[in-house]
Amino acid sequence: MAFDSMLYRKVLGQFATGVTLVTTLRDGKPWAMTANSFTSISLSPPIVMVSVSHGLTTNEAIRQSGGFAVNILRADQMWIAKRFASRDKPADPFSDIETHTGLTGAPLLRDCLGWVECRLVDQTEQGDHTVFFGGVEDMSLQNQSDPLLYYSSGYARIEPTPQQKVGVAEGKLIFFDWEAGNY
Ligand SMILES: Cc1cc2nc3c(=O)[nH]c(=O)nc-3n(C[C@H](O)[C@H](O)[C@H](O)COP(=O)(O)O)c2cc1C
């Protein structure tokens, strides 16, 4: 039986993820792409991975620069995700995004949920993607808000029930009752 690639995409789309902006340097200039294949691999030593399609400019840029950063996006940063998920980016895609330069030269978003910055420690070709493994050298936990999600080929956000309000306490996203005022 022929492999049903449409069904395969639909099944994988049932796995809800966060959305990240993977940043790096390309010819010495800031570069980025939207990615949801980000996963934590090891806590000690700290290693993360991201899987990048062959043929993408970002794939070449990570190989060349030897490092990358993963910026975890907030729900209200969907516009950033959309911009960097397109091959057709504006001439200066970072002009209206506040960044600073990390240890590897990758741009780091001042305003996102948090980021990790990595040196490339390994990579493997798997099918039509390269899996890049990054040793985490720096990180930041930033403003707490609700995360941007990706589910079933669309952007989403965490929706509290009508009786609930979403908030953040002690660094954790929480839902609490409107009426009771507690959680
Ligand atoms: C939510 C979302 C997640 C994505 N995740 C990945 C990913 O993990 N790996 C990948 O290769 N492409 C992913 N893409 C597609 C890239 O963002 C897209 O191909 C982008 O144009 C690549 O940039 P580049 O061509 O400048 O390298 C994703 C797209 C979206 C909308």
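The following legends describe close-up views of a predicted model.

**View 1. Overall make-up of the protein.** In this predicted model, local features require pLDDT of at least 70 and side-chain atom pairs count only at pLDDT 80 or more, whereas totals for chains, interfaces and linings use all residues. Residues are numbered from 1 along each chain as its sequence is written. The protein contains three helices and 14 strands, which are DSSP runs numbered from the N terminus (helices: H or I, at least four residues; strands: E, at least two). Of its 183 residues, 28% count as buried, meaning that 20 or more other C-beta atoms, placed from the backbone, lie within 10 Å of the residue's own. Among contacts between residues at least 6 apart in sequence, 58% join residues at least 24 apart; a contact requires C-beta atoms, placed from the backbone, within 7 Å.

**View 2. The open sheet β1-β11-β12.** Three strands form this open sheet, with antiparallel pairing in the order β1-β11-β12. Because β1 (17–18) and β12 (154–157) stand at the edges with a single partner strand each, one side of each is left without a neighbour in the sheet. Pairing requires that DSSP finds at least two bridges between two strands. Two bridges link β1 to β11 (residues 148–151) in the antiparallel sense, and T17 has Y150 in β11 as its bridge partner.

**View 3. Strand β5 and its antiparallel partners.** Strand β4 (residues 39–42) is joined to β5 (residues 47–53) by three bridges, and the two run antiparallel. The hairpin between β4 and β5 passes through four residues, and S40 stands opposite V48 in β5. Strand β5 is also joined to β10 (residues 129–141), again antiparallel, by seven bridges. Within this pairing, H129 in β10 is the bridge partner of S53.

**View 4. The largest nonpolar core.** This core has 34 residues, of which V22, V50, A69, V70 and W115 touch the most other members. A nonpolar core is a set of buried Ala, Val, Leu, Ile, Met, Phe, Trp, Tyr and Cys residues joined through C-beta atoms within 7 Å. Leaving aside residues up to four places away in sequence, V22 touches A32, M33, A35, V50, T58, F68 and V70.

**View 5. The shell around the ligand.** Of the 17 residues around the ligand, A35, S37, S53, L56 and T58 come nearest; a residue belongs here if its C-beta atom, placed from the backbone, lies within 6 Å of the molecule. The elements giving two or more residues to the shell are β3 (29–35), β5 and α2 (57–65). The shell comprises eight nonpolar, eight polar and one charged residue, where Ala, Val, Leu, Ile, Met, Phe, Trp, Tyr, Cys and Pro count as nonpolar, Asp, Glu, Lys and Arg as charged, and the others, Gly among them, as polar.

Note on methods
A residue is buried if 20 or more other C-beta atoms lie within 10 Å of its own, exposed if 12 or fewer, and partly exposed in between; C-beta atoms are placed from the backbone. Two residues are in contact if their C-beta atoms, placed from the backbone, lie within 7 Å.
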